[in-house]
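I opened this one to look up a few things and jot them down.

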Amino acid sequence: MQIDTLIEAFDKGLRTLWAPAQTVRPVPGQAFDDVVLGTEERRESIAMMRINHCGEVCAQGLYQGQALTAKTQRIKASMAQSALEEGEHLAWTEARLKELGGEKSILNPFFFVGSLTVGALSGLLGDRWSLGFVVETERQVAKHLQSHLNRLPPQDQKSRAIVSQMCEDELTHAKRALEGGGIALPKPVKMGMSLSAKLMTSTTYWL
Ligand SMILES: [Fe+2]
Ligand SMILES: [Fe+2]
């Protein structure tokens with residue numbers, strides 16, 4: 001790996017964690033009126049959006065890590081659109097978190113580095129493994145987002161619109177990676193991924 005690749009990766013990482021994210025599509029749910037949420041509801045919405053924001057930081061880490069070590073250009077190209085949409089998700093969750101008066105998770109750098117490492121390692125295993133990781137991650141994320149739709153206050157339609165669109169996008173990402181040749185991962189790997197996701201969601205709910 002060349003030194004300029006590493007510098008570029010470092011720069012991307014810093015921007016993921018500390019610069020405002022950009023979006024091409026408008027933030028979903030803007031047509032809904034702002035409603036005043038009760039203290040408990042607002043707290044729950046903030047916690048959900050903080051978890052989702054951290055999830056998107058992890059997605060950045062995963063995709064950036066894979067791009068670092070991907071063996072062929074083909075995988076980079078096929079993942080480029082998904083990576084771009086992950087950047088939009090980052091911007092949407094960040095914007096909503098701010099509107100709700102919440103803070104990003106202080107654990108973001110920790111989970112970013114973890115995801116970057118997993119992404120880079122899966123890239124080293126080859127394209128089919130790498131894509132398999134994307135398929136499984138996106139499926140697990142979509143499941144989480146679905147559960148958040150059950151937990152978000154019904155009147156917080158702005159957050160719900162963001163989470164719904166993200167869920168739809170993640171399923172498209174999974175489909176794209178599967179069609180790209182992603183292999184089914186062994187059960188212990190899937191379980192490990194699900195455990196680390198639990199660690200992330202249960203800590204960033206609070207921090
Ligand atoms: Fe996403
Ligand atoms: Fe995704």
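This is a predicted model: local features need pLDDT of at least 70, side-chain atom pairs count only at pLDDT 80 or more; totals for chains, interfaces and linings use all residues.

Residues are numbered from 1 along each chain as written, chains are lettered from A and ligands numbered from 1 in written order, and side-chain values use heavy atoms, leaving out hydrogens and water.

**Iron site.** I looked up what holds the iron ion (ligand 2), and found Glu86 (OE), Glu138 (OE), Glu138 (OE), Glu170 (OE) and His173 (ND1) at 1.8 to 2.3 Å. Donors here are N, O and S atoms within 2.8 Å of the metal (3.2 Å for Na, K and Ca); water is not among the atoms, so sites may look incomplete. Their spacing along the chain is E-x51-E-x31-E-x2-H. The iron ion (ligand 1) sits 3.8 Å from the iron ion (ligand 2), and Glu86 coordinates both. Glu86 is in helix α3 (residues 73-99) and Glu138 in helix α5 (residues 127-151), so the pair ties together parts 52 residues apart in sequence. Helices are DSSP runs (H or I, at least four residues), numbered from the N terminus. I checked burial too: Glu86 and Glu138 are both buried (under 20% relative accessible area, 1.4 Å probe, protein chains only).

**Cores.** A nonpolar core is a set of buried Ala, Val, Leu, Ile, Met, Phe, Trp, Tyr and Cys residues joined through side-chain atoms within 4.5 Å. The largest has 24 residues, with Met49, Phe111, Ile162 and Val163 making the most contacts inside it. Helix α2 gives the most to this core, seven residues.

Methods:
Helices (H or I, at least four residues) and strands (E, at least two) are DSSP runs, numbered from the N terminus. Buried means under 20% relative accessible area, exposed over 50%, partly exposed in between (1.4 Å probe, protein chains only).
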